[in-house]
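Subject: Structure handover

Hello,

Please find the structure below, with the sequence alongside. My notes on what was found in it follow.

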Amino acid sequence: TQPTITRLVNSLIKIGALREGEKSVSSQIGRPPSMIELVPETAYSVGFHVTASSMEFALVNLKGEVFVKEAEAFAEGVSPEFVLCWAENVYHRTLRKKGIDEERVLGAGLGVAGVVDNKRGINTVAYNLRWQDVPLGSRLQKMLGIPVIVESNVRAMALAEKWFGVGRRGIDDFLVLYVGTGVGGAIVVGGNLHLGRGAAGEIGHTQVDPDGPLCSCGSTGCLEVMVS
């Protein structure tokens, strides 16, 4: 009902999450209604992306706009400890530099190469990183003091495409292919991310040439060693 909507809007205006914009033109008698808009600086979220050769950090405001972005390349065989320490340092350094209170950061998302158990926040195996059963979610959450969600980097890209790319143009079924240091895939069906089980979507480790080069997963002739 209109009174309920008004009460909710007023409460959000009171805490600074919404503000009144320009008055809209109305044919109704009485006070013209005001447009309501988000205040982007009310809250932030954090994104981390870990590939086989680089790390990325982004601070995002309430409207989904990237406010700050940093990246760093690293050598082969980097340890989880190094990546987590970099993530912690860039997070706290950015908040201090921008004068943002930690209480305004709602949480963090971490997209990482390899197979991910997103319910437990564990990177179960990342062949190119040589990681196995790394509890990234719990460790990063403890270091940052905010909720952390861990997902396969390509699945996270598929969600981004759904929310900010082709999904906003009414396309509910699509396939995302990632080709970089590795090769990965993710599927959105009916507007929902299709998760599958285990290594589902790890198309980079589909064997295309039994006599091909040795892959980091231990097999030979995987798609990843042929085209990445």
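Arg130 sits in the loop between strand S8 (122-126) and strand S9 (131-134). Its phi is positive, about 60 degrees, although Arg130 is not a glycine. Most residues other than glycine have a negative phi. Asp133, which lies in strand S9, is another non-glycine residue with a positive phi, in this case near 50 degrees. Please keep in mind throughout that this is a predicted model.

The chain as a whole

The chain has 228 residues, and 36% of them are buried. Its secondary structure comes to five helices and 13 strands. Taken along the principal axes, the C-alpha atoms fill a box of roughly 80 × 40 × 25 Å. The chain exposes about 13400 Å², and 55% of that area is supplied by carbon and sulfur atoms. Among contacts with a separation of 6 or more, 44% are between residues 24 or more positions apart. As for charge, there are 22 positive and 24 negative side chains, and the centres of these two sets lie 9 Å apart.

Helix H1 covers residues 2-14, which is 13 residues. From its first C-alpha to its last, H1 reaches 18 Å, close to the 18 Å expected at 1.5 Å a residue. Just after H1 comes Gly16, with a positive phi of about 90 degrees.

Buried residues in H4 include Asn153, Val154, Arg155 and Ala158.

Ser152 belongs to strand S10 (residues 148-152). Ser152 counts as buried because its relative accessibility is 5%, which is under 20%. Leaving aside neighbours within four places in sequence, the contacts of Ser152 are with Val112, Gly114 and Val116.

Aromatic pairs

How many aromatic pairs does the count come to? The count is two aromatic pairs. Tyr44 and Phe67 form a tilted pair, with 5.6 Å centre to centre and 40 degrees between the planes. Tyr44 lies in strand S3 (residues 44-50) and Phe67 in strand S5 (residues 66-73), so this pair ties together parts that are 23 residues apart in sequence. Are these two rings buried or exposed? Tyr44 is buried, with a relative accessible area of 4%, whereas Phe67 counts as partly exposed at 40% relative accessibility.

Phe48 and Phe57 also form a tilted pair, at 5.5 Å centre to centre and with 45 degrees between the planes. In this pair Phe48 counts as buried at 6% relative accessibility, and Phe57 counts as buried at 1%.

Two further loop residues

Glu102 lies in the loop between helix H2 (80-98) and strand S6 (105-112). Its relative accessibility is 41%, so Glu102 counts as partly exposed. Which residues does Glu102 touch, not counting those up to four places away in sequence? They are Tyr91, His92, Leu95 and Leu144. Glu102 and Ala43 are 59 residues apart in sequence, and their C-alpha atoms are 9.7 Å apart in space.

Ala75 lies in the loop between S5 and H2. At 57% relative accessibility, Ala75 counts as exposed. Ala75 and Ser53 are 22 residues apart in sequence, and the distance between their C-alpha atoms is 6.5 Å.

Regards

How values were computed. Residues are numbered from 1 along each chain as its sequence is written. This is a predicted model: local features need pLDDT of at least 70, side-chain atom pairs count only at pLDDT 80 or more; totals for chains, interfaces and linings use all residues. Side-chain values use heavy atoms; hydrogens and water are left out. Buried means under 20% relative accessible area, exposed over 50%, partly exposed in between (1.4 Å probe, protein chains only). Helices (H or I, at least four residues) and strands (E, at least two) are DSSP runs, numbered from the N terminus. Contact means heavy atoms within 4.5 Å. Accessible areas come from the Shrake-Rupley method with a 1.4 Å probe; for residues, only the protein chains shown count as cover. Lys and Arg count as positive and Asp and Glu as negative; His and the chain ends are not counted. The place of a charge is taken as NZ of Lys, CZ of Arg, CG of Asp or CD of Glu. The expected span of a helix is 1.5 Å times one less than its number of residues. Rings of Phe, Tyr and Trp (its six-membered ring) pair if their centres lie within 6.5 Å; planes under 30 degrees apart count as stacked, over 60 as edge-to-face and the rest as tilted.
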